[in-house]
Amino acid sequence: MTKQVTLTIDGKQITVPEGMLVVNAAKLAGTDVPVFCYHPKMEPVGMCRMCLVEIGRPMMDRTTGKPILDEKGEPKLQFGPKLETACTNPVSEGMVVLTQSEKAKAGQKSTVEFLLTSHPLDCPICDKGGECPLQNLTMAHGPGKSRFLYDEKMHLAKNVPLGELIYLDRERCIQCARCVRFQDEVVGDPVLGFDERGRSMQIVSLSEPGFNSVFSGNTTDICPVGALTTADFRFGARPWELQSSASICTQCPVGCNITFNTRREAMSDGKIVIKRVMPRQNEEVNEIWICDKGRFAYHFAESKERLSRPHIRRKGAAENRAEHPSQRASWEAAEELAGEGFLKARKNLVVLASGRLSNEDLFNLKALTDQVGGKAVLYSDMGGGNLTSIVGVGLGTNLGEMGSAQKGKIASTIVVMASDLYEEAPVWYLRVKQAAENGATLIVANPRETKLDRFASFVVRYAYGDEVKTVQVLTKKGKIGDAFMKAENAVILFGSEGLGLEASTALATACARALNDTGHVGKPNNGLIGVWPRANDQGAWEIGFCPVEDLQAVFDGADAVYIAGADPFGDGALKIKGGKSRPFMVVQDLFETETAKLADVVLPAQAYTEREGTFTSGERRVQRFYQAVPALEGTQPDFAITSQIARQMGVILEGTSASVVFEIMAADNPSFAGLNYPRLAEVEPQWPIVGRGDVYYGGTTYENRQGLGVQLTNAAQRGEKVSLPRVPKVTALRPKEKKLLAVPVTKLYDRGVTVSTSVLLDQRVGEAFVALHPNTAEQFGVAAGEQVTLSLDGASETVVVKMDGTISTGVALVPRSMGLPIRGPVEASVKIAKKAAVR
Amino acid sequence: MAYVLLRHREIPELHKLEVYKRNGGFEAFKKAVTQMKPNEVTDLVKSSGLRGRGGAAFPTGVKWSFIDNKIWPHYVVANADESEPGTFKDREIMENNPLQFLEGVAIASYAVGAKSAYIYLRGEFWKIAAFLDEKIAELEEAGYLGEGLFGTDTSLHIYTHLGAGAYICGEETAMLESIEGKRGQPRIRPPFPAVHGLYGKPTVVNNVETLTNLPMIVANGSDWYKTMGTPDSAGVKIFSLSGRVRKPDNYELPFGTTFRQLIYGYGGGVQEGRPVKAIMPAGASSSFIIADDRVLDTPMDYASVRALGADLGSASVIVIDDTVSIDWVISKTVHFFKHESCGKCTPCREGTYWMSNIVERLEGAHPAQADVDLLLSVARQMQNKCLCPLGEFSTMAVVTGIERFPQDFQKAGEPDTARLPDDLKQAVSHSV
């Protein structure tokens, strides 16, 4: 354990670990030392000079090494001639800190006065006004009266886009470098910098496109003035008009804790709407950060295209859609029709649902399926969720805390296998990077270069298709095998880079076996994590939904299909085959998707922002989300719709309270045993202390008062016998001569509905592309930037060629959700696109 | 007395290797490498009493002994950024006696176990950098630099590095940042470079003049060195004399030479025979000393000048006569520091900008007494709060100028509120 030292801050004695900075010790003692440049998540730089305090240290006798005592027997203190910065000085035994002395207060006042000489004082039109550290500290420490002539103020540009997402007001900037340091230290994307010097010093973007980082929004939270604002919230509302409600981000399996800020406003026809998404502290999940997709891609629920009334097609009309368009119907009529169809189908009912739905929704869907003996299918192309229930990371796992014995942590190894975390689960990228910087051995195995490679101890490249073999070798042989086997703690994150269902299932099994064989299961910071495509895929697996290899066959073989939270026809995962009779289809969704257009019954569901529920993250943490805005009139939560259909079928399922559904689930499913909503809402003190009134210390991140969530135990941790399946044999696809092996990869900004409804992020999506090795491109006679026709699986599309020298030849990387459907490795060809005929 | 540093003034073509060798060149380095242990070199320099010539006057040998021997590699960096207005000594050394300087770099590197040494030159010294590069190449050719020196396993490579002309890069930690390819901005100290320096490794940073002393100390011994100067300030110093003197120049003199000897004996006195009004002994960073007979007879060593309420610093003696008003002088220094402030810390970035605004008002049509008071207040408010010495330096001339020469700051006018809207005139208060 770290040595503890006792010091006195403003007369209050406190004992803290050796090496802690005075500013943090003061915070623990309940004294807020004012800061601008200091941030508890970054290295101190001592440049703003706001945290000036008096520090006295006991005078030591050089010969004895003991403190010199005064006549009263108290240690004699030596105060330096200068004020010292509380943010750069570590605590020491017997130290006395005065933050409120005349001298200290004069120092703090002088810094505020200096800062204000250059500040425009435009609080009335500033987005930060009301939650601004400079404003607060001016009220607390400022001189109250200006000695600086207002008309001698330096005037600078007030709306400088650093990129499409973040704007800089150069006048307001106080050059604290928090944003620059955040990008350098926390993210490892040094895309911001300073230009010029002295009073002319200014923040600039060094990247093309501007501020090229998926974490850019966080800089606006930690900016201590209104210099950095998001294009989304800029001039959007005053902070004091905003209500806040706790939620969970649904963009990826990390499960970042967020806060929705809402306001009722005239410009939205008097509705209560979400004005911004802010991170909410959960040090074991997202700390105080969120990615830009989570921050900006929330507009989908506000869309005017939302469904608000059930629609039905008369019986038998589905065969001839054109003649029998669907019509508006009452909930009762729609549910009756659905129930009837499901009862008729019995075991030939297929329920297809995605990880976009909450645990409660999925539980009710599964219960309905089981009642008739139907089939519950997870809409996903990634397997292995059954294994994470057995050997998933244990209760108490905290990726960011992993490290090495040298850095005061436990020797740990993290393997990232077939995943580009920066694109697939950005906050896990931050967490894994942090673990590596804490000394954890990071092994990144991927067929191409990813951003995480820079922080890895070992980078492993393998050919697409060799995933299983790679895991089996790297966890057992050589230096890498030693690092994995001998580590006290080991975690494997596996993704679906280049993989479909069959191969990802095989990969997951190989990873699970490697962990189990080396005893890295059933303990905190040990086990398997799936980098799932959707937020609640893990929850769906826990509840009993599994993906199927041949979705089309399952669909074609069904008598009735109940689809919730998925658009397989829009995604190209399902096709209507001519001539065959189509199963009876019930679809519940937010939008009239391609799938909904084909349905016999369409039921309008509520967005997760309009109701409460829980999600299970990739780390198997169950977390609550709360209602943020009133539900769109005419919609209902998915679990309630399912319950009402069930009632039509004579089955009673809870349909009014999400928390009761959860309790029923907890009684039924050993993974969730013992959990309930109050338990999920519990919080513990977290460090650093953020939020509250002193926004200057940790930024405008919200303090977590609504629940840190609870990690599920797994079979290994419960002491149950772990029996893992054999690794299924997968035959790698070997493309024919003159053909390419096309493999799917995931991009954060894709053409999914959440990004395409975000005007801001849509600008970052870019064009559909195929990435080739330069040699492959040469072989096929295409060049970078050229338009080509990419054909796979019977479909083709015009895409742009990009080069990636880190992949093997003969491979074509095709991004998921960017136009051309791709569910797994497939044969493909490219040829130069025909130029449009000149008129 | 024979020159110790400006030996080129009596030995023609000393910059040529064969001339330098003929005059004992590289014997000292050879002696150190072949006959002395590194710590013996450090001890010798300690006992010579050599103190840093860049301005801080820290004992050189003591600085070397702080280097952390648990962390390797070590680096030596020669500070050739010479940017202080009024300082022009390092330039003369490097242009005319470069080999003695390079030998000094080599000796220091040997003493602290550095296998790489960097010479950081201000951007304007690009010609000197090219000249030093030539000399370094010659020395490598001749076997005085490179691998396996003098048949031992000692090796050393010296590299020049050009800055882009920022004054702040003369501050040692800003210089290290600049060499690393980052913005030239000072780091928080501690940790000091001896523990966490270039690329995070233990580093010794010495001034050009300091290093140029080393070959002579190693060759002739510390007792010889201490025969010059005073007990507190051993050896010789190059005084860069400028201002209103007849013969501004570099003068290599033993410490303890009086201001009068320097200004009247060597500098030929003040132009037009006018009296000395004020002395800035350390360039633009200096405090003003009121020049009277007692001051003129004060020996120039670190302690004696400190007793006058100033620092000898790099000994860039600027002489001001009675034709010059001190408020004009500080308008120059304040402008300089505003221009050179790196912007990293608030008091310096904002304070120099604010002071420069006030000084402009004082130079304008409506100089007001209230502005003088405000200027003094702002300068005092900056003191002891800045991240690095630059901000502190910027206040020296302002505070001592106003305090010691109040007659030059008698301003009759009222605050210029004419340009302000009526409702703001009342609001503007220059009260201190």
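The model is predicted.

The size of an interface is often given as the accessible area lost when the parts come together. Here, chain A and chain B bury about 3200 Å² between them, and carbon and sulfur atoms account for 55% of that area. The contact involves 36 residues of chain A and 38 residues of chain B. On the side of chain A, three residues stand out: A:Phe114, A:Arg147 and A:Arg197 supply 27% of the area that chain A buries against chain B, more than any other three residues. Salt bridges also join the chains, and their count between chain A and chain B is three. A:Arg199 forms a salt bridge with B:Glu350, with the closest N and O atoms 3.5 Å apart.

Helices from both chains meet as well. Two packed helices are described by the angle between their axes and the distance between the axes. For helix α2 (residues 102-117) of chain A and helix α16 (residues 369-382) of chain B, the axes come within 10 Å and cross at roughly 120°. This angle makes α2(A) oblique to α16(B). The crossing of these two helices, α2(A) and α16(B), is left-handed. From α2(A), the contact is made by A:Ser110, A:Glu113 and A:Phe114; from α16(B), it is made by B:Val378, B:Gln381 and B:Met382. By class, the residues of this contact of α2(A) with α16(B) divide into three nonpolar, two polar and one charged.

Attention now turns to packing inside chain B. Helix α6 (residues 98-112) of chain B and helix α7 (residues 126-141) of chain B have axes that come within 11 Å and cross at roughly 65°. The two helices, α6(B) and α7(B), are therefore roughly perpendicular to each other. In this arrangement α6(B) passes α7(B) in a right-handed crossing. The contributors from α6(B) are B:Pro98, B:Leu99, B:Phe101 and B:Leu102, and those from α7(B) are B:Phe131, B:Leu132, B:Lys135, B:Ile136 and B:Leu139. The contact of α6(B) with α7(B) has eight nonpolar residues, no polar residues and one charged residue.

A second pair in chain B has another composition. Helix α5 (residues 89-96) of chain B packs with helix α9 (residues 208-220) of chain B at an angle of about 45°, and their axes are 9 Å apart. It follows that α5(B) and α9(B) are oblique to each other. B:Lys89, B:Asp90, B:Ile93 and B:Met94 of α5(B) make the contact with B:Val208, B:Glu209 and B:Thr212 of α9(B). The residues of the contact of α5(B) with α9(B) comprise three nonpolar, one polar and three charged.

Over all chains, the count comes to 73 salt bridges. One of them joins the side chains of A:Arg431 and A:Glu287, with an N to O distance of 2.7 Å. This pair links distant parts of the chain, 144 residues apart: A:Arg431 lies in helix α11 (residues 426-437) of chain A, and A:Glu287 in the loop between β14 (271-279) and α6 (292-296) of chain A.

Most residues other than glycine have a negative phi, and most peptide bonds are trans. A:Glu196 has a positive phi, near 60°, and is placed in the loop between β9 (192-195) and β10 (202-205) of chain A. A:Ala418 has a positive phi near 55° and is found in the loop between β19 (412-417) and α10 (421-424) of chain A. In chain B, the peptide bond from B:Trp72 to B:Pro73 is cis, with omega near -5°, and B:Pro73 is in the loop between α4 (60-65) and β1 (74-80) of chain B.

How values were computed
Residues numbered from 1 in each chain as written. Chains lettered and ligands numbered in written order. Predicted model: local features only at pLDDT ≥ 70, side-chain atom pairs only at ≥ 80, totals over all residues. Heavy atoms only, no water. Axes fitted to C-alpha atoms, helices over the stretch in contact; angles between N-to-C directions. Helix = DSSP H or I, 4+ residues; strand = E, 2+ residues; numbered from the N terminus. Parallel < 35°, antiparallel > 145°, perpendicular 65-115°, else oblique. Left-handed = near helix turned anticlockwise from the far one by under 90°. Contact = heavy atoms within 4.5 Å. Nonpolar A, V, L, I, M, F, W, Y, C, P; charged D, E, K, R; others polar. Buried area = accessible area lost by both parts, 1.4 Å probe. Salt bridge = Lys/Arg side-chain N within 4 Å of Asp/Glu carboxyl O.
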